[in-house]
Amino acid sequence: GLSSDATTTVVEDAVGTLWVGTSGGGLNGFKMAETGAATVKTYSVRNGLLSDVILSLAAAPNGDFWVGTPDGLSRISRGAVTSFTSADGLPDDFIRSLLADADGSLWIGTRRGLTHWTGGPHATHIQTYTQATGLGSDLVGAMARDAAGDLWVATFSGLSRLRGGTIENYTTANGLSSNVITALLPRGNGILLIGSNAVDRKSTRLNSS
């Protein structure tokens, strides 16, 4: 039932819908019934998405669903699609990664920095962090928030941590296997697992405390 076999990203929301992004086939939402049958809803440019190439997904606590594409950001709320681009204040239309925070705000990773979108679905405030303001690189990838509340941001020039309004950066000089970070997974006891593009070592274990 997938609209394309070229799967790019998968996220499950709070009500159990499995969202599958594809490269060219749009977005698929799978909802399993008690009988075991699945209903599939597909969103594409025909439904209002900015692109059928899906780069990133995030499920918000209020039930909204955010979709990152190469041409901007879309929000699905109660089946309706609303889209936003650099014309609405985003630093870039290429939305590489998304993280929906517990406070209702949205973190948006782009090729031109990390944007914090606050104030609801239409954003009353947009703040962008870049290399010029302390971020490791303007090229932002994976993001993760750990149990201590720190936000970890993967970049192409190392790993950045946002804590209490300050940014701290980690690179190979701190023991990372590569400065190109591809994946993040917080674990208990202040441990963060870090995936990179290193040839000899694929991941690094960092004590995040």
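A polar contact is a pair of N or O atoms within 3.5 Å; within protein, one must be able to donate a hydrogen and the other to accept it, and residues adjacent in sequence count only if both atoms are side-chain atoms. One such case involves Thr155, whose side chain reaches the backbone nitrogen of Ser157 at 2.9 Å. The model is predicted: local features need pLDDT of at least 70, side-chain atom pairs count only at pLDDT 80 or more, and totals for chains, interfaces and linings use all residues. Residues are numbered from 1 along each chain as its sequence is written, and side-chain values use heavy atoms, without hydrogens and water.

The chain has 19 strands and zero helices. Both are DSSP runs numbered from the N terminus (helices H or I, at least four residues; strands E, at least two). The radius of gyration, taken over C-alpha atoms, is 17 Å, which agrees with the value near 17 Å for a compact globule of 209 residues. The globule rule is 2.2 Å times the number of residues to the power 0.38. Of the 209 residues, 44% count as buried (under 20% relative accessible area; exposed is over 50%, partly exposed in between; 1.4 Å probe, protein chains only).

Thr155 is found in strand β14, residues 151-155. At 0% relative accessibility, Thr155 is buried. Its contacts (heavy atoms within 4.5 Å) include Gly136, Leu139, Asn179 and Ile181, not counting residues up to four places away in sequence.

The largest nonpolar core has 11 residues, among them Ala58, Trp66, Phe84, Leu106 and Trp117. Such a core is a set of buried Ala, Val, Leu, Ile, Met, Phe, Trp, Tyr and Cys residues joined through side-chain atoms within 4.5 Å. Strands β9 (95-100) and β10 (106-110) each give two or more residues to this core.

The structure holds seven aromatic pairs. Rings of Phe, Tyr and Trp (its six-membered ring) pair if their centres lie within 6.5 Å; planes under 30 degrees apart count as stacked, over 60 as edge-to-face and the rest as tilted. Phe84 and Trp117 pair edge-to-face, at 4.9 Å centre to centre and 75° between the planes. Phe84 lies in β8 and Trp117 in β11, so the pair ties together parts 33 residues apart in sequence. Phe84 is buried at 6%, and Trp117 at 2%. Trp152 and Tyr170 form a tilted pair, with 5.7 Å between centres and 35° between planes. This pair links strands β14 and β16, its residues 18 apart.
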